[in-house]
Amino acid sequence: MTWNFFMCLSDIRFWIRSARSDAQLQRLRSEHDNAQSLDLLYQERKDPWGLDSPHFRYQQIKYATMLSLLPSRRYKRALDLGCGLGNLTRRLVKHADQVLGIDVSHVAIAQATRETTEQRNVQFQQGDALNLSRDLDNGFDLVVIADTLYYLSPLSDEVLQTVRERVAQLLVPGGILFLVNHFVLNLDPGSRWSPKIHRAFRSAPDFTAIHESRRPFYLASVFEKSKG
């Protein structure tokens with residue numbers, strides 16, 4: 001395991017920026033629901049967490065490493081659930097024929113759509129992970145949920161179970177779920193939820209864990225949906 005991500009000042013600025021955006025989101029939630037809070041955050045900060053900034057080496061390395069953990073196959077249709085501005089969604093085209101990004105924020109989806117005009121096999125739509133259209137059922141052989149679930153509000157064990165069951169319905173038999181969550185020694189609310197999130201999916205009867213990896217500074221798990 002390598003820990004050289006903080007060798008550059010830009011890496012430290014990335015974490016400071018992310019922490020400030022998380023804190024701002026929490027303040028907004030005191031007056032607005034989750035979707036409205038995220039809309040306001042994206043309006044005030046075009047790229048709140050700096051996920052697409054070339055100045056932040058850590059996130060670009062993380063994307064490349066994450067995608068290398070996917071089972072080596074060509075996917076017909078992939079879903080990036082909680083896609084935000086589509087930074088990861090656009091990278092998934094190297095692995096899938098069609099990619100759909102869904103996020104609860106209208107503002108994020110509008111911006112992602114504007115920035116993806118040249119990739120015709122990528123689409124975006126607004127949607128709530130807890131209330132997705134049934135038209136999406138059995139529509140994907142890859143579902144990616146990266147740094148998303150701990151932003152559900154309110155988050156509880158019951159909410160996790162609901163999401164887990166819904167994701168199983170989205171996947172075709174034998175489909176792959178790729179779950180990634182930020183994790184830094186339980187130092188922040190997201191890190192405290194991350195192990196619980198992965199355990200919730202690992203205990204699901206519909207999923208078999210085929211790979212698990214702990215990286216600086218995130219957890220990554222690959223699950224396969226039962227073919228039965």
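Which side chain meets that of aspartate 97 in a salt bridge? The points below answer this and then describe the rest of the predicted model.

1. The partner of aspartate 97 is arginine 74, and the N to O distance in this salt bridge is 3.0 Å. The pair links distant parts of the chain, for aspartate 97 belongs to strand E2 whereas arginine 74 sits in the loop between helix H3 (57-68) and E1, 23 residues apart. Aspartate 97 is partly exposed, with a relative accessible area of 38%. Arginine 74 also counts as partly exposed, at 44% relative accessibility.

2. Confidence should be noted before further detail. The protein chain has a mean pLDDT of 90, and 93% of its residues reach 70 or more. Over residues 1-7, however, pLDDT stays under 50, and the model has 17 contacts beyond four places in sequence for this stretch. Where pLDDT is low, the predicted coordinates should not be read in detail.

3. The count of salt bridges comes to seven. One of the pairs is formed by the side chains of arginine 90 and glutamate 115, with an N to O distance of 3.9 Å.

4. Because arginine 202 lies in helix H7 and glutamate 212 in strand E6, the pair ties together parts that are ten residues apart in sequence. Arginine 202 is partly exposed, at 37% relative accessibility. Elsewhere, Arg134, Asp137 and Arg166 are linked in a network of salt bridges.

5. The model's largest nonpolar core has 40 residues. Val143, Leu149, Val167, Leu177, Phe201 and Phe207 are those with the most contacts inside this core. At least two core residues are supplied by each of helix H1 (9-29), helix H2 (34-44), strand E1 (75-81), strand E2 (96-103), strand E4 (140-146), helix H6 (157-170), strand E5 (171-182) and helix H7 (189-202). The largest share, six residues, comes from H6.

6. Phenylalanine 207 deserves a separate remark. Not counting residues up to four places away in sequence, phenylalanine 207 touches Arg164, Val167, Ala168, Leu171, Leu177, Phe201, Phe223, Glu224 and Lys225. A second, separate core has 31 residues, and among them are Tyr58, Cys83, Val184 and Tyr218.

7. How do strands E5, E6 and E7 relate to one another? Strand E6 (residues 207-215) pairs with strand E7 (residues 218-225) in the antiparallel sense, over eight bridges. A hairpin of two residues joins E6 to E7. E5 and E7 also run antiparallel, joined by seven bridges. Alanine 220 in E7 stands opposite serine 213, and valine 180 likewise stands opposite alanine 220. Seven of the eight residues of E7 are buried, so this strand is largely enclosed by the rest of the structure. In a regular strand the side chains alternate between the two faces of the sheet.

8. Is histidine 95 buried or exposed? Histidine 95 counts as buried because its relative accessibility is 19%, where the limit is under 20%. Its place is in the loop between helix H4 (87-91) and E2. Leaving aside neighbours within four places in sequence, histidine 95 is in contact with Leu67, Leu70, Arg73, Arg74 and Tyr75. Arg74 in this list is the residue that meets aspartate 97 in a salt bridge. Histidine 95 and glycine 82 are 13 residues apart in sequence, and their C-alpha atoms are 18 Å apart in space.

9. Helix H4 also holds asparagine 87. Asparagine 87 is buried, with a relative accessible area of 3%. Beyond its neighbours within four places in sequence, asparagine 87 is in contact with Leu51, Asp52 and Tyr63.

Conventions: Residues are numbered from 1 along each chain as its sequence is written. This is a predicted model: local features need pLDDT of at least 70, side-chain atom pairs count only at pLDDT 80 or more; totals for chains, interfaces and linings use all residues. Side-chain values use heavy atoms; hydrogens and water are left out. Two strands pair if DSSP finds at least two bridges between them. Helices (H or I, at least four residues) and strands (E, at least two) are DSSP runs, numbered from the N terminus. A nonpolar core is a set of buried Ala, Val, Leu, Ile, Met, Phe, Trp, Tyr and Cys residues joined through side-chain atoms within 4.5 Å. Buried means under 20% relative accessible area, exposed over 50%, partly exposed in between (1.4 Å probe, protein chains only). Contact means heavy atoms within 4.5 Å. A salt bridge is a side-chain nitrogen of Lys or Arg within 4 Å of a carboxyl oxygen of Asp or Glu. pLDDT is the predictor's confidence in each residue, from 0 to 100.
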